[in-house]
Amino acid sequence: MGASRVLLCCVVLIQLFAGQTDAQRSSSRWQTLSGDAPLVIARGGFSGLFPDSSSIAYGFAKQTSVAGAALWCDVQLTKDGAGICFPDLKLNNASTVEDVYPNRQKTYSVNGVSTQGWFTIDFSLRDLSDVKLNRGILSRSEKFNGIYPILTVEDVTTQIKPESFWLNVQYDAFYAQQNLSMSSFLISASRTVSIDYISSPEVNFFKKIAGRFGRNGPSFVFQFLGKEDFEPTTNRTYDSILSNLTFVKTFASGILVPKSYILPLDDNQYLVLPPKSLVLDAHKAGLQVYVSGFVNDNDIAHDYSSDPVSEYLSFVDNGNFSVDGVLSDFPITASASIDMAYDKAIKDGADVIDCSVQMSSDGKPFCSSSIDLSNITNIAQTSFAQRSTHVPEISSNDGIYTFSLTWSEIQTLKPAISNPYRAYNMFRNPNEKNSGKFILLSEFLSLAKNSTSLSGVLISVEKAVYLREKQGLDVVKAVLDTLTETGYSNGSTTKTKVMIQSTNSSVLVDFKKQSSKYETVYKVEEKIGDISDSAIEDIKKFANAVVIVKTSVFPLFDDGFIIRQTNVVEKLHKSKLPVYVELFQNEFVSQPFDFFSDPTVEINSYVSGAGIDGTITEFPFTAARYKSKWPPPNFQNPLTTMRDFVFSCAGNRCLGTKETIPPQYMSPVPPGLFLNLVNAIPPAQAPNPVFTDDDVTEPPLPPVTAKSPTSAPGTSFTNAQAPRSSGQTRLTLSLRLSVFASLLLL
């Protein structure tokens, strides 16, 4: 069976090492026009989290970006000719102006379109001193609304002192109609303000400023809007201007284009490949190419698996060209992407793969993330739908369970990719929604044993009590027998390590009793705020490692900000127990605002900040790339054998440095910092409970009870005490490739 056609129903555990240092960037291999690394341009500062063009947005962008990053200011003019940094000529889109001046709305013609709003030209700079900035995109946090004042161009220079300053002039023609001169303002400002780049979508504006800044003046960049939009000076569409780049070269040294000009999407949100030739054509004409539209908190092409770093890399390091700069609301992600572009050894491959074992009615153990087939297959559309039953020991809802079908019947089902964020209209790879197939545990183990790159397997076992008492199925015995049949019980025939995971201590105790060859991993599904010493001592009797959920490390405020960091990881580490954390996902709605809608930042915050030993993720490529970029030192953990990692570039030598830890701009944000910034006090609410020895202790597994041939699944009950799961049942997503990489912490 070809591995490329097999989809394993499992989770991913990658063990990682990280730290903090400054990173350097080499400029020897980029396919930009100059050969230098692409420029990171922070649109309005760190506008993905803070109000656009606020002092905190600019300051935070400077701290979390690579050296030399440019701060972007959309220049607007006030009634008295002052230049302010604000994302639009209408103030009501991103400020408190409506509250301060409720009766000063007006209507103007903007590029021929009648537009209502509170315009900058109707307010003096003094008027605006009472107006504060708000978020401009409603899906972003409102926590920082109404706090920060509007800044002038001069304010940004004196307060923030940007290394590079980019001024964008979007509406020169409109201001000219109101007898305000943008060109005069810029010429005057340039005497005290260092301006490195000036961009505009209007040809006539560049004619006005041509030759007025001297030989060492700023670079001029022509901005392309929508292809069907009309440029006001030439009255031509931007698409038609694109066909005459030599004309653009007469007044500009670069162009700024939307992402779709280079990598367009089809109607199903997939990339249309190959990329357009625009970058190569522009470079041939002597024009630098900057690309706009990069945000983390918006759905991107399915090709990128909701990973914004992958999107950046397709523009800056695709093997054919590198764009000369990227305009981003999240400059930390752009910065990390440019650093990561050097590492060519990133792979989806795993060190250890995982199988969540389920049982068919005829006793076949196989891999599936859920015992309920209605969650992960098309079974509801088949004749098997009539086998739906209610099993209170498993779920409060009806389900169609694996033990209600034979293995041959299960093989006829089509798997279905789960979409946990359907409510946000976010779907995972719809073209492959029914790809793959289920595989037996024996096939899974053979696949792992025959692989040259894998070091181990992780086998998850749940619902053992119910299966023994109600279905006459012994999942523990089935796993042990299969391990023996495939040669894993004999250490001389395979060096592949085996780990057994469960939320039930009784299951792990039973495995330990029957075989000491395998390592055991205890999974705590509850959100916990602390763990007692006695619970840890009990866990150590039967487990070699512990899995906890993300909020047991960083509990959250209701609106998505981190409150603090618990001491759970620290206490488990003191007892020599490695700690793995779940569940990491790439979709931005799965991450607290503290992580900037960036899955790489989230991983680094848990690894470098909280000191965890590994992440359990549904997107192995993202975690593998982090691991590959910042590999661990040569350290051997007493519980896990570290494989020999081979990269095309040892450490960060491709970057011109031997450092193998994240750069300073990736330093984790202190837990609770953003809540403190807005003086937000979390409302009184019950804290996450302390995990005690009572939560750990369970009675031994009951003996297998032969199933009555006349009983239907879920119709009988038992008075025997069932083991308590360490948390609520979580049905993990199906059909995902998994990684359990043995990269270890000091």
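In H5, the buried residues are Met182, Ser183, Phe185, Leu186, Ile187 and Ala189. Buried means under 20% relative accessible area, exposed over 50%, and partly exposed in between, with a 1.4 Å probe and protein chains only. Helix H5 spans residues 182–189, and because six of its eight residues are buried, it is largely enclosed by the rest of the structure. Helices here are DSSP runs of H or I with at least four residues, strands are E runs of at least two, and both are numbered from the N terminus.

A word on the source. This is a predicted model: local features need pLDDT of at least 70, side-chain atom pairs count only at pLDDT 80 or more, and totals for chains, interfaces and linings use all residues. Numbering starts from 1 along each chain as its sequence is written, and side-chain values use heavy atoms, with hydrogens and water left out.

Next, H14. How many of its eight residues are buried? Eight of the eight, so H14 is largely enclosed by the rest of the structure. The cover over its buried residues includes strand E16 (352–359), helix H15 (475–485) and helix H16 (505–514). Just after H14, Gly472 takes a positive phi of about 65°.

Stay in H14, residues 464–471, for Arg468. Arg468 has a relative accessible area of 8%, so this arginine is buried. Leave out residues up to four places away in sequence, and Arg468 touches Leu473, Asp474, Val476, Asp510, Leu701, Pro702, Pro703, Val704 and Thr705. Contact means heavy atoms within 4.5 Å.

Now Asp598. It is in the loop between strand E25 (579–584) and helix H19 (599–609). Asp598 is buried, yet has no salt bridge. A salt bridge would be a side-chain nitrogen of Lys or Arg within 4 Å of a carboxyl oxygen of Asp or Glu. Which side chain of opposite charge is nearest to Asp598? Arg625, 6.3 Å away. Lys and Arg count as positive, Asp and Glu as negative; His and the chain ends are not counted. A polar atom of the Asp598 side chain does lie 2.8 Å from the backbone nitrogen of Thr600. Beyond four places in sequence, Asp598 contacts Asn296, Val309, Thr333 and Gln591.

Last, cavities. There are four of 30 Å³ or more. A cavity is a set of points on a 1 Å grid, over the protein atoms alone, where a 1.4 Å probe fits but cannot get out. Lining residues have an atom within 4 Å of a point. For the largest cavity they include Asn296, Asp299, Met426 and Ser597.

Note on methods
Polar contact = N/O pair within 3.5 Å; in protein donor to acceptor, adjacent residues only side chain to side chain. 1 Å grid on protein atoms, 1.4 Å probe; cavity = no way out; pocket = protein on both sides within 12 Å on 5 of 7 lines; lining within 4 Å. Points joined across faces, edges and corners; volume = space filled by probe spheres on them.
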